[in-house]
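Here are my notes on the model you asked me to look over. Keep the structure open while you read, and find each element as it comes up.

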Number of protein chains: 2
Amino acid sequence: MKHNFNSGPSVLPKVVLEQTAQALIDFNGIGLSIAEVGHRSPWFVPVMEEARAIVKELMQLDDSYEVLFLQGGATTQFMQVPMNLLDNNQSAAYCDDGVWGSKAAKEASLFGKVNVVASSKDKNYTYINKDFAIGAENKYLHLTSNNTVEGTQWFSFPETEVPLIADMSSDIFSREIPFNKFSLIYAGAQKNMGAAGVTVVVVKKDFLQNLQRTVPTIMDYRKHIDAGSLMNTPPVLAVYIALLTLRWIKKEGGLKEMERRSLQKSTLLYNTIDSLPFFKTYVAKEDRSRMNAVFFIEDEALQNKFLDECKENGMVGVKGYRTVGGIRVSMYNALALESVKAICNLMKEFAANNG
Amino acid sequence: MKHNFNSGPSVLPKVVLEQTAQALIDFNGIGLSIAEVGHRSPWFVPVMEEARAIVKELMQLDDSYEVLFLQGGATTQFMQVPMNLLDNNQSAAYCDDGVWGSKAAKEASLFGKVNVVASSKDKNYTYINKDFAIGAENKYLHLTSNNTVEGTQWFSFPETEVPLIADMSSDIFSREIPFNKFSLIYAGAQKNMGAAGVTVVVVKKDFLQNLQRTVPTIMDYRKHIDAGSLMNTPPVLAVYIALLTLRWIKKEGGLKEMERRSLQKSTLLYNTIDSLPFFKTYVAKEDRSRMNAVFFIEDEALQNKFLDECKENGMVGVKGYRTVGGIRVSMYNALALESVKAICNLMKEFAANNG
């Protein structure tokens with residue numbers, strides 16, 4: 001048995017994989033594969049509609065919001081958000097809270113003026129800088145709710161009159177948060193919501209005002225809304241896997257239950273790290289991500305030995321991000337508590353044998 | 001048994017669907033799903049590399065070309081091509097050869113000057129207008145090699161000094177053509193090359209000159225080339241299905257064999273149409289698409305009756321595109337000759353019973 005600690009693409013619920021495999025051979029008994037049906041057919045349209053509806057239900061949002069399933073990954077949203085929302089003479093505020101937030105700010109600067117209102121770059125993004133003010137001239141404030149690479153997470157969100165935008169790629173549907181505080185939320189599916197290849201965008205309709213810029217058709221949120229997320233051929237299979245994953249979240253008990261499990265797994269792991277001086281984490285305690293724990297063994301040879309032992313024990317994806325190094329354990333919704341127990345036991349043994 | 005005449009997403013080789021279903025449960029015996037492995041892992045990188053290599057091999061292209069697998073569909077390329085290749089003060093020539101080509105020209109006009117050098121709109125795009133001249137001031141000439149909606153296809157390509165760009169979404173890998181005549185080729189995967197959710201872009205490297213415009217990172221072909229098509233998380237599953245489909249094309253005998261089958265299927269269908277005055281096609285004989293046959297029964301009530309009988313006989317996707325109406329039979333690589341025989345038999349019976 002493998003323990004899949006990948007940061008994304010990552011572990012998926014077994015039942016979702018089995019249902020997808022079945023649908024690839026014969027979708028709902030229609031004699032066709034889910035990959036072979038037309039996206040405007042009576043077979044696929046309900047898939048798209050149900051996926052959009054469950055997103056709204058899990059987020060407890062009303063009809064002032066729209067849900068889109070788009071292609072391109074969250075990285076495309078770094079461009080698409082300012083392209084749709086920011087005119088050249090307007091300003092937007094960005095939190096430089098990690099490598100992804102920093103990239104989002106860089107792309108936005110092609111479309112308008114970017115004010116970096118908070119940064120934690122001074123300490124290698126090992127904390128969330130929550131001490132900042134936002135001028136009312138900003139069209140929006142952008143933050144990254146969970147930083148996959150550095151292992152930090154926002155646990156309370158800024159109180160501000162400026163509309164909030166969040167990249168929730170790596171912690172969406174892992175906890176109950178007041179989604180209605182946000183004017184726009186986006187997330188790549190490949191962590192908590194399915195397979196790589198589709199991105200969900202949730203947007204408050206009245207936030208989409210007219211711009212001076214003509215937005216290319218395929219990038220225009222308003223046109224995607226008008227087309228019910230079927231402007232062009234959507235990534236049919238990825239949307240279907242997202243639907244199955246969303247159904248699984250709902251069936252398991254929704255965001256309340258996902259949060260309970262997430263808290264249980266991450267508490268176990270961080271307690272283990274804290275109890276073993278052999279392992280170090282530089283992330284501020286109050287900002288520790290429940291999704292991605294980033295930590296180190298200071299002796300690099302020993303750290304490599306630990307990574308090797310993880311591999312020998314069927315533990316996958318434990319190596320830190322290339323720019324950060326160290327160890328990273330990702331604990332998304334579909335990761336079993338047993339996997340966290342297994343790595344915690346290995347950590348204890350390893351510290352005892354090598355400490 | 002279903003006969004799948006969908007225009008895309010469309011019929012896929014059965015073996016590809018079976019292999020994908022298996023890989024979703026356990027990919028190559030590694031104990032993880034293909035949807036759960038990291039895109040930079042030693043499991044996925046060879047998938048991407050082999051897919052890129054087979055595209056180049058099937059097209060018989062040398063190393064002056066690069067192959068990219070990108071997200072967003074061909075519709076995204078309508079924007080991405082001019083964004084990467086056309087400065088605001090430059091011109092590009094477009095063939096208005098169908099609804100998709102017309103949309104491509106419209107998007108390009110956001111980035112530079114568009115010269116529509118040929119159009120067949122005067123006759124509802126029922127022929128390919130091949131009688132035109134292209135000024136040397138044009139940065140490129142864009143055409144759509146096969147028009148899915150209207151059922152026309154280019155069988156010889158313009159002789160010109162201006163670099164050629166083709167949207168080959170609906171006939172890629174269905175025939176042998178001199179791919180090295182083109183400076184850029186793009187195609188959505190969901191017809192002849194796999195499932196929806198990934199688009200192949202083949203580009204001659206020296207065609208990508210510096211622009212005045214700063215291209216957003218995620219849209220920049222040059223940056224995708226530098227990153228080996230792994231700039232951000234690719235649509236892992238869609239790339240894998242494309243690889244399996246490409247392997248299947250190669251194993252079945254490559255483009256020569258795909259063309260032989262395509263000719264056999266389309267000849268049978270068009271001969272049947274021509275032999276039955278009951279069915280009409282308005283497409284110029286020399287431009288008839290081997291991928292998508294578009295035809296009509298003039299009496300609309302009878303046409304609906306025919307469409308109903310198709311449905312009763314397990315024939316899927318036979319209804320014409322919403323703006324064109326009528327009947328459309330798509331005959332992509334994975335469609336069995338038996339399916340074409342089945343619909344030809346139904347057409348003969350129907351004409352005899354209702355003629």
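Predicted model: local features only at pLDDT ≥ 70, side-chain atom pairs only at ≥ 80, totals over all residues.

1. Let's begin with how the two chains relate.

2. Now for the contact between the chains. Chain A puts in 52 residues, and chain B puts in 52 residues. On the side of chain A that touches chain B, the elements giving two or more residues are α1 (14–25), α3 (73–85) and α6 (236–252). Which of them gives the most? That is α1(A), with 6 residues. Sorted by class, this side of chain A has 26 nonpolar, 22 polar and 4 charged residues.

3. The axes of α1(A) and α1(B) come within 9 Å and cross at roughly 175 degrees. Angles over 145 degrees count as roughly antiparallel, so that is the label for α1(A) and α1(B). From chain A, the contact uses A:Leu17, A:Glu18, A:Thr20, A:Ala21, A:Leu24 and A:Ile25. From chain B, it uses B:Leu17, B:Glu18, B:Thr20, B:Ala21, B:Leu24 and B:Ile25. By class, the contact of α1(A) with α1(B) has 8 nonpolar, 2 polar and 2 charged residues.

4. Next, the 7-stranded sheet in chain A. It is open, its pairing is mixed, and its strands come in the order β2-β10-β9-β8-β5-β3-β4. The edge strands are β2 (65–70) and β4 (113–119), each of which pairs on one side only. On average, neighbouring strands of this sheet are turned by 20 degrees against each other, ignoring direction. For a parallel pair, look at β8 (residues 164–167) and β9 (residues 182–188) of chain A, which are joined by 4 bridges. There, A:Ile165 stands opposite A:Leu184 in β9(A).

5. Helix α2 (residues 45–59) of chain A touches β2 and β10 (199–204), and its direction makes about 130 degrees with that of β2(A). Helix α4 (residues 99–108) of chain A touches β3 (91–96), β4, β5 (138–144) and β8, and its direction makes about 160 degrees with that of β3(A).

6. Strand β12 (residues 292–297) of chain A deserves a look as well. Of its 6 residues, 5 are buried, which leaves the strand mostly covered. It runs antiparallel to β11 (residues 279–280), with 2 bridges between them, and A:Phe279 has A:Ile297 as its bridge partner in β12(A). β12(A) also pairs with β14 (residues 327–330) of chain A, again antiparallel, over 4 bridges. In that pairing, A:Val294 stands opposite A:Arg328.

7. B:Asn292 is the residue opposite B:Ser330.

8. Last, a helix pair within chain B. The axes of α7 (residues 254–275) and α9 (residues 337–354) come within 10 Å and cross at roughly 5 degrees. That makes α7(B) and α9(B) roughly parallel. Residues of α7(B) in the contact include B:Gln264, B:Leu268 and B:Thr272, while B:Val340, B:Cys344 and B:Met347 are among those of α9(B). The contact divides into 6 nonpolar, 2 polar and 3 charged residues. B:Gln264 itself is partly exposed, with 14 other C-beta atoms within 10 Å. B:Gln264 and B:Arg290 are 26 residues apart in sequence and 9.3 Å apart in space, C-alpha to C-alpha.

Key
Residues numbered from 1 in each chain as written. Chains lettered and ligands numbered in written order. Buried ≥ 20, exposed ≤ 12 C-beta atoms within 10 Å, placed from the backbone. Pairing = 2+ DSSP bridges. Axes fitted to C-alpha atoms, helices over the stretch in contact; angles between N-to-C directions. Contact = placed C-beta atoms within 7 Å. Nonpolar A, V, L, I, M, F, W, Y, C, P; charged D, E, K, R; others polar. Parallel < 35°, antiparallel > 145°, perpendicular 65-115°, else oblique.
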